[in-house]
Amino acid sequence: MTDVTVSAGDALPSFEVIPDPVQLFCYSAITWNPHRIHYDAPYARDVEGYSDVLVHGPLMGSWLMRLCADWVAPWGRVATITYRTTASVVPGTTLVVGGTVVTGGDAPEAEIWVELPDGTRATHGHVTAVVEPRDAAGISKN
């Protein structure tokens with residue numbers, strides 16, 4: 001088993017995402033979300049008053065889970081994840097999905113976010129993880 005050290009201040013492996021209208025339409029379809037603000041631009045603008053369709057909060061939550069799963073993959077598992085979306089996001093916006101460890105050790109915790117180009121965190125949350133013993137092949141012993 002490889003020794004793992006997770007320390008406060010460590011960055012999670014961030015990535016960029018640029019959502020597009022097709023992705024939003026498909027996400028609405030697979031989640032059975034009929035709200036037109038996610039796929040009907042004229043409706044979103046003319047009826048709801050938004051500048052364009054909006055990115056789903058749960059889609060941003062999915063990106064946060066991907067971030068956390070990638071972070072813990074070599075040494076453990078995600079125990080809990082919570083998030084809240086507080087700012088609207090439109091397609092075509094370059095987003096950074098990232099986080100920072102706030103507590104290290106065998107039960108590390110991190111703050112996580114989806115960030116707009118101006119630094120606003122459209123979605124923010126918290127994750128706890130568990131370090132799991134691994135065998136020589138890297139397979140969890142639990």
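W113 counts as buried because its relative accessibility is 12%, where buried means under 20% relative accessible area, exposed over 50% and partly exposed in between, with a 1.4 Å probe and protein chains only. This is a predicted model, in which local features need pLDDT of at least 70 and side-chain atom pairs count only at pLDDT 80 or more, whereas totals for chains, interfaces and linings use all residues. Residues are numbered from 1 along each chain as its sequence is written, and side-chain values use heavy atoms, with hydrogens and water left out.

- W113 lies in strand 4; strands (E, at least two residues) and helices (H or I, at least four) are DSSP runs numbered from the N terminus.
- Apart from its neighbours within four places in sequence, W113 is in contact (heavy atoms within 4.5 Å) with L64, V96, V97, G98, G99, T100, R121, T123 and H124.
- Although W113 and M60 are 53 residues apart in sequence, their C-alpha atoms are 9.0 Å apart in space.

**Overall fold**
- The protein has three helices and five strands, and from the N terminus its elements follow the order β-α-α-α-β-β-β-β.
- Of its 142 residues, 38% count as buried, and the C-alpha atoms fill a box of roughly 55 × 30 × 20 Å along the principal axes.
- Among contacts between residues at least 6 apart in sequence, 62% join residues at least 24 apart.

- Not counting residues up to four places away in sequence, W63 touches F15, V17, P19, Q23, V55, L95 and V97.

**H38 in its loop**
- H38 is found in the loop between helix 1 (21-30) and helix 2 (41-46), and it is buried, with a relative accessible area of 9%.
- The side chain of H38 reaches the backbone oxygen of L54 at 2.7 Å.
- Beyond its neighbours within four places in sequence, H38 is in contact with L24, F25, S28, N33, V53, L54, V55 and H56.

Notes:
A polar contact is a pair of N or O atoms within 3.5 Å; within protein, one must be able to donate a hydrogen and the other to accept it, and residues adjacent in sequence count only if both atoms are side-chain atoms.
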